[in-house]
Amino acid sequence: MATKRAPSPELVGNPFIKKRNLEWNLELSGSTRDSDEGSSSDAPPNQSPETIEERPRAQSIEAGKAKVEDHLGYFSELVKKATLSPFPPGMPRLSIEGYRRLYESNSGSPKGAHFIVHQHDHPIAGTHYDLRLQINETSSASWAIMYGLPGDPNSQRLNRNATETRIHCLWNHLIETASDSTGSLLIWDTGTYTILPSGEGKRRADSNSQSEDEDPSSGLTEQEKLRRAFQARKIRIRLNGTRLPHNYVLNLRLTKNEDIAGRAKSARTPTRRRRRGGTGRGRVATRRRGKTADPVTSSGSDSEAKSGDDDDDSEIVNAPAEEADHQEAVSAMEREIRELEDEQVRRANAYVGATNSIGSVHQRRWYLSLDREACGFVRRRRAGRVVWERESEARSSETEEGNGDAGDHRLTFPFYVRGAEVERSVVTGRTGAEVLRDEGVEGFVRRKGWRPVLN
């Protein structure tokens, strides 16, 4: 009987492979390997790999969930990449360089007078326009205006409700972003403001006039003038923007009754009530007696208070379902920290990082109107009715100024704000839908019922 062969001490080599081929090895060239190692370990100029991979989204920064040191650098890079090319013809445009210079010249300065009008298409509050005015080196006061700024001196609905909201950080003036819970936010107009005296007769606020220099407050900064006018509850302001007409002047007025009512509401402690039973609309109902629910983001969602003419109805805000689900998932410690932060924001009426140096009160309802005389209109009687018409000299001077720059496509009187489906950003040229698309938001449902004021 044949004996079993003992196991081989080594594997039998493949007889079809030449011995010299067994000495081959596969090795990356030094230059290629070095370049790969450099790309994975060495950072590009002023950036690390972690910064590239873990760079926060704009909506996270706006919501306070992430932080960056250089807001101007971060947002200017984002809007530069998002700017449409070619830029939509026939509309005013603020270049990225102008966008940066405007912010740099006002941020951190006690003489800064930066303003912005954000178009905010919120899924719950609906489309509205946030007017924000710089009040100190780092912060801005904010009013939410449902139908945008008035532009027709003969409109039957010349006045607007302007609801006072939270004090925002000044870097919020740089933002264009979107999320599924807060909708789209774009820069409708931006520039600087000038506070005008509200003396008897409302002297003509011509940009070439020197009459304002004779006012006792002419030596004050615009921030100081705004603080005085704010405390007097009468603000007369000229907005020097990119889109608005030249010499565009507004009146903001807060009645004594609205002041008392707003302070009383702000002093009340908010209460929260969660719906029981079915899912309903899939949101957590937040009922508040004193003020609206704090929004998901820091940029102007407080304006839910203007959803209708009835103040009681406008004080009821439903928080998005995503926020409610997230709140259920966080730990008790984190939930307590958030509640303390919300309480601090509510008491100070200022978001984290902002300073309420002007005495702003949440949800006070101001009244905003076009200052027709200061904008260059005079009253005349036509066919038995009073109409407001431009003075001939004002019309000719404005025409010359507008034709001086071939790229100046700013609005002229009368103009109308037509809403999120039509209006575009003066920086990127995008509509609200395009901002949503660029931020990867899908399935956004706009609140119905918003109609532009065209009469």
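This is a predicted model: local features need pLDDT of at least 70, side-chain atom pairs count only at pLDDT 80 or more; totals for chains, interfaces and linings use all residues.
Biologist: Why is N349 called buried?

Modeller: Buried means under 20% relative accessible area. N349 is at 4% relative accessibility, so N349 counts as buried. N349 lies in the loop between helix 10 (332-348) and strand 12 (365-370).

Biologist: What makes the link between the side chains of N349 and R166 a polar contact?

Modeller: The cut-off for such a pair of N or O atoms is within 3.5 Å. The side chains of N349 and R166 are joined at 3.0 Å, so the pair is within the limit. Beyond four places in sequence, N349 also touches other residues, including T165, I167 and H362.

Biologist: What makes strand 1 and strand 7 a pair?

Modeller: Pairing needs at least two bridges. Strand 1 and strand 7 have 8 bridges and run antiparallel, so they pair. H118 stands opposite I187 of strand 7.

Biologist: Which strand does a hairpin join to strand 1?

Modeller: Strand 2, through 3 residues. Strands 1 and 2 are antiparallel, with 8 bridges, and F115 has L133 as its bridge partner.

Biologist: Which residues touch the most other members of the largest nonpolar core?

Modeller: L149, I235 and L239, in a core of 68 residues. Strand 7 gives the most to this core, with 5 residues.

Definitions and conventions: Residues are numbered from 1 along each chain as its sequence is written. Side-chain values use heavy atoms; hydrogens and water are left out. Helices (H or I, at least four residues) and strands (E, at least two) are DSSP runs, numbered from the N terminus. Buried means under 20% relative accessible area, exposed over 50%, partly exposed in between (1.4 Å probe, protein chains only). A polar contact is a pair of N or O atoms within 3.5 Å; within protein, one must be able to donate a hydrogen and the other to accept it, and residues adjacent in sequence count only if both atoms are side-chain atoms. Contact means heavy atoms within 4.5 Å. A nonpolar core is a set of buried Ala, Val, Leu, Ile, Met, Phe, Trp, Tyr and Cys residues joined through side-chain atoms within 4.5 Å.
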